[in-house]
Amino acid sequence: ILDVHRWSDHPEANKFVDEIYASFLNNNLQENIRIKKKHLKVVLLDLYVGIKKLWVKLEVLQWVLRRQSNLSCWWSLRSR
């Protein structure tokens, strides 16, 4: 699913994009830097949101597995 609403005007996000651009993509060619930074920001924010969603899913899965193992122990203790 394409989510086109991933954008941030926070100064921290802009600073992060500027640092990544300066470290890895600044090749001093006559290019449209503004457009390159805009595309870089979209990619970085998309990666951040994707990783954050994955992290939440993993935490829920860990909780379910812990809960399930606790329940099975409870049932096994009460069984004959």
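This report describes the helices, surface and selected residue contacts of a predicted model.

## Basis of the model

Residues are numbered from 1 along each chain as its sequence is written, and side-chain values use heavy atoms, with hydrogens and water left out. Because the model is predicted, local features need pLDDT of at least 70 and side-chain atom pairs count only at pLDDT 80 or more, while totals for chains, interfaces and linings use all residues.

## Overall composition

The chain contains two helices and zero strands. These elements are DSSP runs numbered from the N terminus, with helices (H or I) of at least four residues and strands (E) of at least two. Helix 1 covers 11–25, and helix 2 covers residues 33–78.

Of the 80 residues in the chain, 11% are buried. Here buried means under 20% relative accessible area, exposed means over 50%, and partly exposed lies in between, with a 1.4 Å probe and protein chains only. The chain exposes about 7600 Å², and carbon and sulfur atoms supply 62% of this area. Accessible areas come from the Shrake-Rupley method with a 1.4 Å probe; for residues, only the protein chains shown count as cover.

## The salt bridge between the helices

The structure holds one salt bridge, a term for a side-chain nitrogen of Lys or Arg within 4 Å of a carboxyl oxygen of Asp or Glu. It joins lysine 37 and aspartate 18, whose closest N and O atoms are 3.1 Å apart. The pair links distant parts of the chain, since lysine 37 belongs to helix 2 and aspartate 18 to helix 1, 19 residues apart. Lysine 37 is partly exposed because its relative accessibility is 25%; aspartate 18 is also partly exposed, at 36%.

Serine 8 lies in the segment before helix 1. With a relative accessibility of 11%, serine 8 counts as buried. Its side chain reaches the backbone nitrogen of histidine 10 at 3.2 Å. Leaving aside residues up to four places away in sequence, serine 8 touches Ala13, Asn14, Lys41 and Leu45, where contact means heavy atoms within 4.5 Å.

Lysine 41 is in helix 2. Lysine 41 is buried yet has no salt bridge, and the nearest side chain of opposite charge, aspartate 9, is 4.3 Å away. In this charge count, Lys and Arg are positive and Asp and Glu negative, whereas His and the chain ends are not counted. With residues up to four places away in sequence excluded, lysine 41 touches Trp7, Ser8, Asp9, Asn14 and Val17.

Leucine 25 is found in helix 1 and is partly exposed, with a relative accessible area of 33%. The C-alpha atoms of leucine 25 and lysine 36 are separated by 8.9 Å, although the two residues are eleven places apart along the chain. Beyond residues up to four places away in sequence, leucine 25 touches Ile20, Lys36 and Leu40.

Leu54, Trp55, Leu58, Leu61 and Leu65 form a nonpolar patch on the surface, together presenting about 520 Å² of accessible area. Patches are made of residues with over 30% relative accessible area and no salt bridge; like charges are joined within 9 Å, and nonpolar side chains (Val, Leu, Ile, Met, Phe, Trp, Tyr) within 5 Å. Leucine 61 is located in helix 2 and is partly exposed, with a relative accessible area of 45%.

Terms used. Polar contact = N/O pair within 3.5 Å; in protein donor to acceptor, adjacent residues only side chain to side chain.
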